Amino acid sequence: MKHSLFRICSLPVILLTLATQLMAQETVPPYLDDNQPIETRIEDALSRMTLKEKIALIHAQSKFSTPGCPRLGIPELWLSDGPHGVRMEFVWDDWNHADWTNDSCTAYPALTCLAATFNPKLAFEYGNAIGQEARYRKKDIILGPGVNIYRTPLSGRNFEYMGEDPYLSSQMVVPYIKGMQQNGVAACMKHFALNNQEKNRDRINVEVSDRALFEIYLPAFKAGVQEGGVWAIMGSYNKYHGQYCSHNERLVNQILKKDWGFDGVMLTDWGSAHDTDEAARYGLDLEMGTWTNGLTWGISSAYDNYYLAQPFLKKIESGELPESLLDEKVRRVLRLCFRTNMNRYRPYGCKLTPEHADIARRVAEEGIVLLKNENHFFPIEKGRYQKIAVIGENAVKQLSQGGGSSELKPQREISPLEGMIEKYGREHIVFTLGYASGEPNYSNELPSGLDADSLVQEAVKVAREADVVLFFGGLNKNFQQDCEGDDRRNMDLPFGQNELIEKLIEANPNTGIILISGNAVSMPWISQIDGLMQSWYLGSQAGTATANVISGEVSPSGKLPFSIPVKLEDNSAHYFGEESYPGVNNTQYYKDDILVGYRWYDTKKIKSRFPFGYGLSYTTFQYGKASTDKKSYQPDETVKLSFTLKNSGKRAGAETVQVYMSQKKPSVLRPVKELKAFKKVCLQPGEEQVVEIEVPVASFAFYDEGIADWKLENDKYMLHVASSSRQIHSTATIEVKNK
Ligand code: BGC
């Protein structure tokens, strides 16, 4: 009875509901209906927009936002740096911090450190964590990751990139992008392309061979587009073949959009557009950051004067440029909106959670590289020494600040000194500064105001009275150090650190060094010390991670993502003189061509101080003999390489095994070896594992300029199983036969 009554009563209700739904369906335009395919929504939104609304969509309205289309309910897009955390807020129309009290973040280790982990799973967690914090802070696009190749140790922004090897950076960038974008936040890979130095970055014209372009400088971008599915890319400041990269016909229209099928938004670096016609025609979709002169100064609130604003509008109205060029850009921006701020199902995000701190710490711990360890210098187990001297400014400097646009305002940054005190107890640690730099500043060096001689005297006294000395030095984020806008002047440690180190060693031979930097430095004191660690800008958890590694709670497992040369002239970019670096008359020729990093040192038989891929552990590993599943392969097959790896020491530890390829008789010059695969393997003491690594044969190809394509030659190929680019344990030879 109850049931049928319900049925009778519910009929009108059902009808009413249906009618409401039908009406609602009629009133919801397709672009707002998330049951419609994105491409349908894009076309519908586009068809409803006026010319002026379309123009508004493709340039900034403030330093870090675009206006959307309020009439249609298309929200503003909010952008933020990147790439190591979500940057603090800025005022609307200039570069002053807004000084909000709720814009702090977790600072994650710099990308050099992430690369040094050789751990793509961590890269995913890293990207996801920043994506979560970005969502919470209402950001739609994060300006990172950066994947420019480390060509010279002087480049001011190497710390923001992933090292010298295109394969390593490709493997690490893809998961970063995926992790971030699953939050409905676009990653914006930068700086496309050839921004391999900061010196004269706004005008330098790069000339490079196609082979080096495709083999060295573009693979990480390509992987980010095709494997990572990145939604945005930032053009670089420099020129390539005489044309600015942000509207470069070949790079953007041909390679990025046509050949690689990039369907996202190509945006400027802040102020990297220079011409309306070129910007309109050569693939630029969104103009950010300029004032009026193509750079970063000029009149205020000049957004209407941007190249893609009124000047573009006028050219369309006069018929000089077709509206179809504008429509194509608007489509891309709308696509980005549907993927981000118009995706109703994206997660809400969160920030500063314990999980975020945990990820920051794990990346830092896995990234620290142990470079030298003799006479059991490390680990310094608790209780081993009564008095540990911690000397050096980098033990206390807040290194998430400075450096340019990657600066962060961490809620908390645990310094190495705090980490050491926490680990060993205040009574066992004595600290002194030793040297002092000034405050981080974008465009000049501010003096510290401290007397250098007194600092040295005090440091020597402290060193003499301690059982062990740990010197925390390196570079910092000051101008002409690891900082945007210019390069370092030479490879030496700044602020008198080399002299100080000599004095410390003299005062106490039991001295070890922890270098914190994003670049290689010269090491004149190397033979006089037993312990050396390469550490990085480690972010919020710097101190905890550092102390965990120093004390042995965590065994180091980082590997160098770049080679450390003995001297600057050994580096390939510098070897060829000024025409190669930094350029003459605003043009430079990449004369080192494909021989960048270890490819150069190995091929030219130049000994580097520490090779690419190098890093020690507190335990030891034994490599078995490598074998392959077959001897002969077709180009579309994959080599299955296997070997045993044993932890032959007394501690748990992780080893990154690396596979390098050499071709037996190439018809062109090829590097002596190229990284083709790697795997990080964790083993308990005494544990042995069969490690299996797959290497696609197609990856052995080189870029043949004659056919403008990749070419794989029938030949023998050696696969070296190695623990660094210079430590080969076993080699398997295979043959490639294209029937
Ligand atoms: C940098 C970019 C950064 C942008 C916005 C530019 O100076 O080169 O990497 O994303 O500023 O801060």
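**Figure 1. The whole chain at a glance.** Helices (H or I, at least four residues) and strands (E, at least two) are taken as DSSP runs and numbered from the N terminus. Counted in this way, the protein chain of this predicted model has 19 helices and 27 strands. Its C-alpha trace spans about 85 × 80 × 65 Å along the principal axes. The radius of gyration is 27 Å, which agrees with the value near 27 Å for a compact globule of 739 residues. Of these 739 residues, 62% count as buried.

Figure 2. Let's step in to the ligand, which 14 residues surround. Asp-81, Arg-157, His-191, Asp-269 and Glu-484 are the closest. By type, the shell divides into seven charged, five nonpolar and two polar residues. Look for Arg-157, where an N or O atom of the side chain is 2.7 Å from an oxygen atom of the ligand. A polar side-chain atom of Lys-190 lies 3.0 Å from a ligand oxygen, and for an N or O atom in the side chain of Tyr-237 the distance to a ligand oxygen is 3.1 Å. Taken alone, the ligand exposes 310 Å², and the protein buries 96% of that area.

Figure 3. Lys-190, the residue with the 3.0 Å approach to the ligand, is joined to His-191 by a cis peptide bond with omega of about -10 degrees. His-191 is found in strand S4, residues 186–192. A cis peptide bond also joins Phe-378 and Pro-379, with omega of about -5 degrees. Here Pro-379 sits in the loop between strand S10 (369–373) and strand S11 (388–391).

**Figure 4. Positive phi angles in two loops.** Phe-118 is not a glycine, yet its phi is positive, at about 45 degrees. You will find Phe-118 in the loop between helix H4 (111–116) and helix H5 (120–136). With 1% relative accessibility, under the 20% cut-off, Phe-118 counts as buried. Leu-194 has a positive phi too, near 65 degrees, and belongs to the loop between S4 and strand S5 (205–207). Leu-194 also counts as buried, at 3% relative accessibility.

**Figure 5. An open sheet of five strands.** The strands follow the order S19-S27-S26-S21-S22, with mixed pairing. Strand S19 (632–633) and strand S22 (674–683) each have a single partner strand, so one side of each is left without a neighbour in the sheet. Within the sheet, strand S26 (residues 715–724) and strand S27 (residues 727–736) run antiparallel and are joined by nine bridges. To find this pairing, look for Ser-724, which stands opposite Gln-727 in S27.

Key. Residues are numbered from 1 along each chain as its sequence is written. This is a predicted model: local features need pLDDT of at least 70, side-chain atom pairs count only at pLDDT 80 or more; totals for chains, interfaces and linings use all residues. Side-chain values use heavy atoms; hydrogens and water are left out. A residue is near a molecule or strand if one of its heavy atoms lies within 4 Å of it. A polar contact is a pair of N or O atoms within 3.5 Å; within protein, one must be able to donate a hydrogen and the other to accept it, and residues adjacent in sequence count only if both atoms are side-chain atoms. Accessible areas come from the Shrake-Rupley method with a 1.4 Å probe; for residues, only the protein chains shown count as cover. Ala, Val, Leu, Ile, Met, Phe, Trp, Tyr, Cys and Pro count as nonpolar, Asp, Glu, Lys and Arg as charged, and the others, Gly among them, as polar. Two strands pair if DSSP finds at least two bridges between them. The radius of gyration is taken over C-alpha atoms; the globule rule is 2.2 Å times the number of residues to the power 0.38. Buried means under 20% relative accessible area, exposed over 50%, partly exposed in between (1.4 Å probe, protein chains only).
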